[in-house]
Amino acid sequence: MEQPKNRVFSGVQPTGNLHLGNYLGAIRNFVGLQATHECIYCVVDMHAITVWQDPKELAANTREVAAAYIASGIDPDKHIIFNQSKVPAHAELAWILNCVARIGWLNRMTQFKDKAGKDREGASVGLYAYPVLMAADILAYRATHVPVGEDQKQHLELARDVAQKFNNDFAAPDFFPLPEPLIMGEATRVMSLRDGTKKMSKSDPSDYSRITMKDDADAIALKIRKAQTDPEPLPETVEGLTGRAGADNLVGIYAALSDMTKAEVLKEFGGAQFGTFKPKLAELAVEKLSPITSEMKRMMDHDQGYIDDVLAKGAVRARAITDPIYARVREIVGFI
Ligand code: TRP
């Protein structure tokens with residue numbers, strides 16, 4: 001079995017309200033990796049159900065993430081788009097890796113602490129084991145590179161630890177490659193439009209806090225117009241954004257959408273009032289996003305059969321990769 005050198009795996013959870021942060025922080029970077037890597041992009045529906053999901057909404061949200069992948073420019077013929085629950089190796093390998101990972105390792109995961117909140121005893125076992133399933137996602141393909149946001153770095157380190165311990169425990173040196181994070185550039189952390197110190201989030205009660213991938217041009221422009229800023233004009237330098245979270249966020253979004261650095265954006269707009277900058281940002285956001293969001297809407301409204309077809313074919317190709325790897329894992333572990 002050959003070990004690929006440049007196999008990318010990443011996933012997005014189908015939990016609704018897909019937003020600009022998901023696009024700029026993840027999906028757009030997935031698109032860029034296609035030229036240089038063999039890419040496998042998953043809709044991680046099994047991760048989604050670690051917290052309650054309405055079944056109908058889960059199905060719709062799974063299609064929505066797939067549509068976002070396709071509309072953003074991921075080519076489902078050259079690369080693989082599928083949903084996790086269609087490929088049994090994820091769950092099967094996760095069980096084995098649950099027996100490799102240590103409780104102490106999981107106890108250190110900050111995302112579990114955040115998501116479980118005060119009611120740890122009431123959280124699902126799946127939420128606790130979530131990082132092990134994520135390790136299984138990656139290792140089931142022996143993927144080498146994983147584009148992730150800052151918030152997933154700890155989980156990726158856990159995946160490396162799990163891979164290493166598996167290789168050691170079973171005296172199978174180098175069987176699982178240690179997956180490398182690919183952390184992305186400018187404005188990978190898109191913040192709330194209502195509070196520049198908080199991450200843009202699917203679960204924020206205010207719809208004005210995020211630009212979603214369902215927003216039309218009017219909604220995008222309105223949300224940017226209402227975005228929280230301050231009365232000062234834009235600074236001339238990046239240092240001038242310190243302590244101005246709302247301004248920093250909008251400049252970051254402009255930079256990411258235009259493939260510029262924040263410094264370049266400020267060279268152009270330094271000294272300008274938000275009354276001037278916001279309409280420019282809205283124009284840019286609409287120009288960059290509406291081709292994607294309108295194509296997503298078209299697929300969701302009129303071409304669900306196509307989305308389902310992409311997911312089904314992707315799963316067949318995914319299984320063709322995981323089958324021989326998982327067969328080898330079974331041998332290594334001693335399953336007959
Ligand atoms: N945990 C990731 C997130 O919420 C999603 C995810 C699941 C993932 N499995 C993965 C990301 C494997 C990268 C690789 O963002």
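This briefing walks through the domains, salt bridges and a few individual residues of the structure above.

The model is predicted, so local features need pLDDT of at least 70 and side-chain atom pairs count only at pLDDT 80 or more, while totals for chains, interfaces and linings use all residues. Residues are numbered from 1 along each chain as its sequence is written, and side-chain values use heavy atoms, with hydrogens and water left out. The chain is assigned two parts, domain 1 (7-188 + 303-333) and domain 2 (207-298), with bounds that come from an automatic or database domain assignment.

**How the two domains meet**

- The centres of domain 1 and domain 2, taken over C-alpha atoms, are 30 Å apart.
- Domain 1 brings 15 residues to the contact and domain 2 brings 19 residues, where contact means heavy atoms within 4.5 Å.
- About 1600 Å² is buried between domain 1 and domain 2, with 67% of it on carbon and sulfur atoms. Buried area here is the accessible area (1.4 Å probe) that two parts lose on being put together, summed over both.
- Three salt bridges are counted between domain 1 and domain 2; a salt bridge is a side-chain nitrogen of Lys or Arg within 4 Å of a carboxyl oxygen of Asp or Glu.
- Three residue pairs, both residues at pLDDT 80 or more, are in polar contact across the interface of domain 1 and domain 2. A polar contact is a pair of N or O atoms within 3.5 Å; within protein, one must be able to donate a hydrogen and the other to accept it, and residues adjacent in sequence count only if both atoms are side-chain atoms.
- On the side of domain 1 that touches domain 2, helix H1 (20-32) and helix H3 (55-72) each supply at least two residues, and H3 gives the most, with five residues. Helices (H or I, at least four residues) and strands (E, at least two) are DSSP runs, numbered from the N terminus.
- That side of domain 1 is made up of eight nonpolar, three polar and four charged residues. In this grouping, Ala, Val, Leu, Ile, Met, Phe, Trp, Tyr, Cys and Pro are nonpolar, Asp, Glu, Lys and Arg are charged, and the others, Gly among them, are polar.

**Salt bridges to look for**

- Side chains of opposite charge can pair when their charged atoms come close.
- The structure holds 18 salt bridges.
- One of them joins aspartate 259 and arginine 28, with the closest N and O atoms 3.7 Å apart. Aspartate 259 sits in the loop between helix H10 (245-258) and helix H11 (262-269) and arginine 28 in helix H1, so the pair ties together parts 231 residues apart in sequence.
- Aspartate 259 is exposed at 62% relative accessible area, whereas arginine 28 is partly exposed at 23%. Buried means under 20% relative accessible area, exposed over 50%, and partly exposed in between (1.4 Å probe, protein chains only).
- Lysine 199 and aspartate 151 form another salt bridge, at 3.5 Å from N to O. Lysine 199 is partly exposed at 37%, and aspartate 151 is partly exposed at 38%.
- Within helix H13 (residues 304-333), lysine 313 and aspartate 309 lie four residues apart, about one turn of the helix, and their salt bridge has its closest N and O atoms 2.9 Å apart.
- The link between aspartate 303 and arginine 298 has its closest N and O atoms 3.6 Å apart.

**Residues worth a visit**

- Aspartate 204 lies in the loop between E5 and H9 and is buried, with a relative accessible area of 15%. Its side chain reaches the backbone nitrogen of serine 206 at 2.8 Å.
- Methionine 1 is found in the segment before strand E1 (7-12) and is exposed at 55%. Methionine 1 and arginine 328 are 327 residues apart in sequence but 9.1 Å apart in space, C-alpha to C-alpha.
- Arginine 142 is buried, at 6% relative accessibility.
- Alanine 171, in the loop between H8 and E5, also has a positive phi, near 45 degrees. Alanine 171 is exposed, with a relative accessible area of 63%.
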